[in-house]
2 protein chains.
Amino acid sequence: MTVPTGRRERKKAATRKKIADVALRLFLDRGYDAVGIRDVAAEADVAVTTLFSHFGSKEALVFAQDEGFEQRLTQAVADRAPREPLIPALRREVRALVRHCTAEGAAPVWHMIEESRALREYEESMRLRHAESLAAAIAAAPDLTRTVTVCRTIARFVIDAYALAREAAEPDAAVDEIFRMIEAAWEATRPA
Amino acid sequence: MTVPTGRRERKKAATRKKIADVALRLFLDRGYDAVGIRDVAAEADVAVTTLFSHFGSKEALVFAQDEGFEQRLTQAVADRAPREPLIPALRREVRALVRHCTAEGAAPVWHMIEESRALREYEESMRLRHAESLAAAIAAAPDLTRTVTVCRTIARFVIDAYALAREAAEPDAAVDEIFRMIEAAWEATRPA
DNA sequence: ACCGTAACACTAACGGTTAGCTCTTTGAAA
DNA sequence: TTTCAAAGAGCTAACCGTTAGTGTTACGGT
C-alpha cells in the first residue's frame with residue numbers, strides 16, 4: 001500500500017488543474033470554438049498528448065470543475081436520516097445543485113455551453129450517466145423496495161428536473177412544480 | 001407552386017436513399033467505427049461533400065430510416081379524438097414505437113448503436129429535440145391547460161419512457177409500469 | 001431557347017484525437 | 001545506496017470527420 005503522500009500524484013493533479021484553468025480562461029475569453037486544443041496545450045505548457053491523458057475530450061475540459069455532481073446525488077440517497085423519505089431528500093439536493101449553477105459567477109460558463117452543440121451533447125450524455133448512478137443508488141437503498149424499472153425511471157425524472165429547472169425563468173419554483181409531479185409518480189409505485 | 005413530379009427531387013431522393021442504404025450495409029458489415037466517411041462515399045459512388053449535403057453528420061446516416069418518429073408523437077397529441085385524455089394516447093403511441101424498434105430485424109442496428117459512444121450521444125441529443133417538439137404539441141393542445149414547465153416535464157417523462165422501455169427485459173410491461181407513474185404525475189398537475 | 005439554381009464534384013485544408021516511441025522522474029525493492 | 005519498473009510527459013506524424021472554396025452539370029420555369 002502506498003501512503004497518500006505521493007509527490008507524483010500532487011504533480012499530476014497540479015498539471016491537470018493548470019490545464020483546466022487555462023482552458024476555461026481561454027474558452028471564456030475567445031469562445032469555445034475559436035480555441036483549439038493546440039492553443040490550450042501551448043498556453044498550459046504541456047504537450048497535446050499530455051492534455052489528452054488528463055481529459056478524455058475537449059468538452060471534458062469545460063466540465064472538469066463539476067466533478068462530484070454525481071456523488072452529491074447518490075449520497076443524498078445513501079446518507080438520508082433513517083426513514084427519511086426519498087423524494088424530499090432528492091428535492092433538497094436538486095435545489096442546491098440548481099442554485100449552484102444559476103448563481104452569478106456561473107452564468108458565462110453556462111452561456112458558453114448552450115452556445116456550442118458539442119458541449120450541449122456532452123452534458124446530455126453526462127446527465128444520462130448520472131441518472132444511471134442515481135438509479136443504482138436508489139435500488140441499493142434498503143428501505144426502498146421497487147423494481148429496477150421504477151428506480152431507473154425515477155432517477156431519470158430527477159435528472160430531468162435538474163435540467164429543466166436550470167433553464168426555467170424561476171428555477172426554485174420550477175423545482176417545486178416538477179417535484180410535485182415526481183412525488184406523485186413515486187407514490188403511484190408504492191407496493192401494496 | 002411546383003407540382004411534386006420533379007425529376008430532380010426523385011434523383012435527389014434516390015441519391016439520398018442510396019447513400020443511407022450503402023452506409024447501413026457497410027456499418028453492419030464491418031462495424032461503425034471501422035468504416036470511414038470516405039468508404040461510404042466511394043461505395044455509394046458520390047463525393048464526400050455530396051454525402052454531407054444530404055446528411056449532417058456520420059451518425060445521421062444511421063438514423064436516416066426513422067424519420068417521422070418525431071411527427072408520430074406530436075400527431076398522437078394533436079390527432080386525439082375530442083376529449084380523449086392525453087396520457088393513454090401517448091402510451092399507445094410509445095408502445096407502438098417501442099415495439100417497432102424491438103422487433104426482430106431491428107436488433108443488429110440497435111446493437112451497433114449501443115456499441116458506439118458517438119451514436120449513443122447522437123441519439124440522446126435527438127431524443128431531447130423530440131421532447132421539445134412534444135412539449136410544444138402538448139402546450140398547443142386547446143383542451144390541456146398547463147404551465148410551460150409542466151408540458152416540458154411531461155414530454156421528457158414520455159421520452160424517458162420510450163428510452164427505458166426499449167432497454168427493459170419486457171418492453172411492454174415496462175411501458176405500462178412507467179406510464180402508471182406518468183399518469184400520476186400528470187394528474188397531480190390538474191388545475192383546481 | 002434561355003436562364004437561374006439546385007445538385008454534385010474535386011481539392012485542400014482544419015481541428016480533434018490517437019499511435020508509436022523516447023526521455024525523465026519517482027517510489028520502492030534489492 | 002544502487003537499481004529497476006513504471007508512470008508522467010513529450011514529440012512526430014498521422015487518421016478521420018467535417019467544411020470552405022470553386023467549378024460543372026442538368027433540370028425546371030419562363
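Mentor: Before we start, one term: a residue is buried if its relative accessible area is under 20%, exposed if over 50%, and partly exposed in between, with a 1.4 Å probe and protein chains only. This is a predicted model, where local features need pLDDT of at least 70, side-chain atom pairs count only at pLDDT 80 or more, and totals for chains, interfaces and linings use all residues. Residues are numbered from 1 along each chain as its sequence is written, chains are lettered from A and ligands numbered from 1 in the order in which they are written, and side-chain values use heavy atoms, leaving out hydrogens and water.

Trainee: Thanks! So what share of chain A is buried?

Mentor: Of its 192 residues, 48% count as buried.

Trainee: And how many helices and strands does chain A have?

Mentor: Chain A has 10 helices and zero strands. Here helices (H or I, at least four residues) and strands (E, at least two) are DSSP runs, numbered from the N terminus. The C-alpha atoms of chain A fill a box of roughly 60 × 50 × 25 Å along the principal axes.

Trainee: What part of the contacts in chain A comes from residues 24 or more positions apart?

Mentor: Such residues account for 67% of the contacts in chain A with a separation of 6 or more. Contact means heavy atoms within 4.5 Å.

Trainee: On the DNA side, how much belongs to sugar or phosphate?

Mentor: Sugar or phosphate holds 61% of the atoms of DNA strand C within 4 Å of the protein, and the rest belong to bases.

Trainee: Which atoms of DNA strand C pair up with A:R38, and which with B:H54?

Mentor: A base nitrogen of DNA strand C lies 3.1 Å from a polar side-chain atom of A:R38.

Trainee: Now the protein interface. How much area do chain A and chain B bury between them?

Mentor: About 2,600 Å², 60% of it on carbon and sulfur atoms. Buried area is the accessible area (1.4 Å probe) that two parts lose on being put together, summed over both. In chain A, A:R156, A:L164 and A:M181 lose the most area to chain B, together 24% of what that side buries.

Trainee: How many salt bridges cross that interface?

Mentor: The rule finds four across it, a salt bridge being a side-chain nitrogen of Lys or Arg within 4 Å of a carboxyl oxygen of Asp or Glu. One joins A:D160 and B:R156 at 3.7 Å, N to O. On the chain A side, α8 (117-140), α9 (148-167) and α10 (171-187) each supply at least two residues. The largest share, 11 residues, comes from α9(A).

Trainee: What does B:R152 bridge to in chain A?

Mentor: B:R152 forms a salt bridge with A:E167, with the closest N and O atoms 2.9 Å apart. B:R152 lies in helix α9 of chain B and A:E167 in helix α9 of chain A, so the pair joins two chains.

Trainee: Are those two buried or partly exposed?

Mentor: B:R152 counts as buried at 19% relative accessibility, while A:E167 is partly exposed at 42%. B:R152 also forms a salt bridge with B:E132, again with closest N and O atoms 2.9 Å apart. That pair links helix α8 and helix α9 of chain B, 20 residues apart.

Trainee: Last one: where do B:D143 and B:R80 sit?

Mentor: They form a salt bridge, the closest N and O atoms being 3.0 Å apart. B:D143 lies in the loop between α8 and α9 of chain B and B:R80 in the loop between α5 (69-78) and α6 (86-101), so the pair ties together parts that are 63 residues apart in sequence. B:R80 is buried at 13% relative accessibility, whereas B:D143 is partly exposed at 41%.

Notes
Near = heavy atom within 4 Å. Polar contact = N/O pair within 3.5 Å; in protein donor to acceptor, adjacent residues only side chain to side chain.
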